[in-house]
Amino acid sequence: MKNYETEARERWGNTDAYREHEQKTKNYSREKWAEANDGMMAIFAEFAACKQSGAGADSAEAQALAAKLQAYITENYYTCSDEIFAGLGKMYVADERFKKNIDKYGEGTSAFAAEAIDLFCNKK
């Protein structure tokens, strides 16, 4: 995690979102971090189930999951604006570390979630 923290600080340390993240999470215990991260991954598992059901990224279910993920990030980490959320969606497929972690729920889950996020952000 330290490597990721350093990378995040270098890339986004001068942003309001990063400063908000630091403030919001500064008192997180190891258990709270695990709970927050597990909760987010549970949403990706829901994306996988949605994809496996045959629903499209534009389906009401997939769009509800995109809304749920954005709200979850805002609640637990930082205000996840549509601009930030769209960027996260792209990163979920462009960065192999994210892709691999998300695709553990099923091949193509990261691409499915990214497409749902893109559609969700572009509808607004």
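Buried, in this talk, means under 20% relative accessible area, while exposed means over 50% and partly exposed lies in between, with a 1.4 Å probe and protein chains only. Good morning, colleagues. The structure above is a predicted model, in which local features need pLDDT of at least 70 and side-chain atom pairs count only at pLDDT 80 or more, whereas totals for chains, interfaces and linings use all residues. Residues are numbered from 1 along each chain as its sequence is written, and side-chain values use heavy atoms, with hydrogens and water left out.

I begin with helix H3. Helices here are DSSP runs of H or I with at least four residues, strands are runs of E with at least two, and both are numbered from the N terminus. Helix H3 covers residues 30–52, 23 residues in total. The expected span of a helix is 1.5 Å times one less than its number of residues.

Which residues of H3 are buried? They are Ala36, Gly39, Met40, Met41, Ile43, Phe44, Phe47, Ala48 and Cys50. These buried residues pack against helices H4 (60–76), H5 (82–94), H6 (96–102) and H7 (109–123). Contact, throughout, means heavy atoms within 4.5 Å.

Let us turn to the pairing of H3 with H4. Axes are lines fitted to C-alpha atoms, for helices over the stretch in contact, and angles run from 0 to 180 degrees between N-to-C directions. The axes of H3 and H4 come within 10 Å and cross at roughly 170 degrees. Angles under 35 degrees count as roughly parallel, over 145 as roughly antiparallel, 65 to 115 as roughly perpendicular, and the rest as oblique. H3 and H4 are therefore roughly antiparallel to each other. Among the residues making this contact are Ala36, Met40 and Phe47 of H3, together with Leu65, Leu69 and Ile73 of H4. By class, the contact of H3 with H4 has 12 nonpolar, two polar and five charged residues. In this scheme Ala, Val, Leu, Ile, Met, Phe, Trp, Tyr, Cys and Pro count as nonpolar, Asp, Glu, Lys and Arg as charged, and the others, Gly among them, as polar.

How does H3 meet H7, and at what angle? The two helices pack at about 95 degrees, with axes 9 Å apart. That makes H3 roughly perpendicular to H7. The contact involves Phe44, Phe47, Ala48, Cys50 and Lys51 of H3, and Thr109, Phe112, Ala113 and Ala116 of H7. Seven of these residues are nonpolar, one is polar and one is charged.

H7 also packs with H5. Their axes come within 8 Å and cross at roughly 160 degrees, and H5 and H7 are therefore roughly antiparallel. On the H5 side, Asp82, Phe85, Ala86, Gly89, Tyr92 and Val93 meet Ser110, Ala111, Ala114, Ile117, Phe120 and Cys121 of H7. This contact divides into nine nonpolar, two polar and one charged residues.

H3 is followed by Gly54, whose phi is positive, near 95 degrees. Ala55 lies in the loop between H3 and H4. Leaving aside neighbours within four places in sequence, Ala55 is in contact with Cys50, Glu61 and Phe112. Within H4 sits Gln63, which counts as buried because its relative accessibility is 7%. Not counting residues up to four places away in sequence, Gln63 touches Ala57, Asp58, Ala116, Leu119, Phe120 and Lys123.
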